[in-house]
Amino acid sequence: RELHIVFDMFRLLRSVCGSLWPRSGISVRFYGAGSGATTKLFIDGDFVESTTSEWIDLHNPATNEVVTRVPCSTEDEMEAAASAARNAFKSWRDTSVLTRQQIMFKLQNLIRSNMGELARSITLEQGKTLPDAEGDVLRGLQVVEHACSVTSLQLGETLPSISKDMDTMSYRIPLGVCAGITPFNFPAMIPLWMFPLALVCGNTFVLKPSERDPGAAMILCEMAKEAGVPDGVLNVIHGAKEAVNFICDAPDIRAISFVGSNTAGEYIYDRGSRNGKRVQANMGAKNHGVVMPDANKEHTLNQLVGAAFGAAGQRCMALSTAVFVGESKDWMPDLIERAKKLKVNAGDQPGADLGPLITAEAKQRVHDLVQSGVDQGAKLELDGRNIVVSGFEKGNFVGPTVLSHVQPNMRCYTEEIFGPVLVALAVDTLDEAVDLINNNPYGNGTAIFTTSGATARKFQNDIDVGQVGINVPIPVPLPMFSFTGSRASFRGDTNFYGKQGINFYTQVKTITQLWRTEDVAHSKAATVMPTMK
């Protein structure tokens, strides 16, 4: 509620102060608080009011008050976005790489200068704490900064004199119109994984942000426009399944990036691939943290608690499963005490460690999965289901919850809970822990806590998971590397950002050319009388 008042004050200050506002002319023209406000589309450089008759109410997760209404874009509106991107590609692909690079420099500066506004939008719509929301923006910003290295990242290859007078060279050229479908849990970071790399490589883009929290994506669009992205190069549509189907089917769209659930990811990968599109899909996870008896106890428990309950567990890389090896299982009481100390509150409140879940339905699903664990024999060490946050009694809050004595056949283990719930299993040996993790279908991330280099080395070699942390609970690579989830956590051939991200948004064109030496024109001026022969 206080955040609503703050946002209204910001808008009033902008209207009154104008140039005194400490930003470079960016205004939230597509967004507002109150049940009458609507989120606009962004098509061909303009924020456009949708003509749809279908709207989705977006609620503040801390209060369940309506923040804005999000349109389900009409077919004509989606066609207009794709058409704008197709038309803009003709000139954008021929724009020099130095010009595209300069635009990325300007975009990263705008994002860095206005992290606070992006964070406030994320907290209002998604619910995470303001510091966590700033981290959301920062991890996306790092990808934009890496995109500024395009002059090195997009280099081709050449081999001269492959045969007499013959040279071969390859270029990395843009695909055309690309599209992104993003989830609710990282409203800034995931869009920034996608469109900056696509644009800097010379593509145009159609973005469909989550209908649950599109505000950050819309602010990023306005920043992109101010940074110099030409009209039509970046477009935004809204909606649910119909918008997804349009992206999968539209002939103009050449590639799709997706982050979200397994159900949606498998559907998009199958439908998009059948239509001849390149697809990359980051999906669900069940990330295990293996605790060895020789681990640094204080460090390990602090890292487990932060990685399990941060962002209310709504991270695809949340460390949602603890595997205690040997006597490390005796650390459970100390872990519980740390979890109890976490403060649950609205994300804009000082000192909040975790905020609400995104929707009331998500809260109920977490309740159901926790109860299923109890019903199947797990021990409920800490129950956060009945928490009430003063002043925010209607919010979607669940407190830190811990289930121990969990078995691999329980629903609370086999399903991704996506809430502040840590499930704990106990095994006798490292080999048992490795087998447990490798038998789980997901392969997004895992971690081991140990002070033994030999143990860590064995783990990293034996484990079949795409991203491994050694005493690092959430091993998400920085953007000079790529996000390399595997197995059931990923569909596609090429991962997100880093070198693989550049490869995803480009195709290779190879040129073989022959210039015969004997055809070289004489460069010396002829001074004799020309004769006719």
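The structure is a predicted model, in which local features need pLDDT of at least 70, side-chain atom pairs count only at pLDDT 80 or more, and totals for chains, interfaces and linings use all residues. Residues are numbered from 1 along each chain as its sequence is written, and side-chain values use heavy atoms, with hydrogens and water left out.

**Helix pair α11 and α12**

- Helix α11 spans residues 297-309 and helix α12 residues 332-340; helices are DSSP runs of H or I with at least four residues, and strands are E runs of at least two, numbered from the N terminus.
- The two helices pack at an angle of about 50 degrees with their axes 10 Å apart (axes are lines fitted to C-alpha atoms, for helices over the stretch in contact, and angles run from 0 to 180 degrees between N-to-C directions).
- The angle therefore makes α11 oblique to α12 (under 35 degrees counts as roughly parallel, over 145 as roughly antiparallel, 65 to 115 as roughly perpendicular and the rest as oblique).
- The contact (heavy atoms within 4.5 Å) involves Lys297, Glu298, Leu301, Asn302, Leu304, Val305 and Phe309 of α11, together with Asp334, Leu335, Arg338 and Ala339 of α12.

**Sheet β5-β6-β22**

- Three strands form an open sheet in the order β5-β6-β22, with antiparallel pairing (two strands pair if DSSP finds at least two bridges between them).
- The edge strands, each pairing on one side only, are β5 (157-163) and β22 (506-514).
- On average, neighbouring strands of this sheet are turned by 20 degrees against each other, direction ignored.
- Four bridges join β5 to the antiparallel strand β6 (residues 166-174).
- Thr158 has Met169 as its bridge partner in β6.
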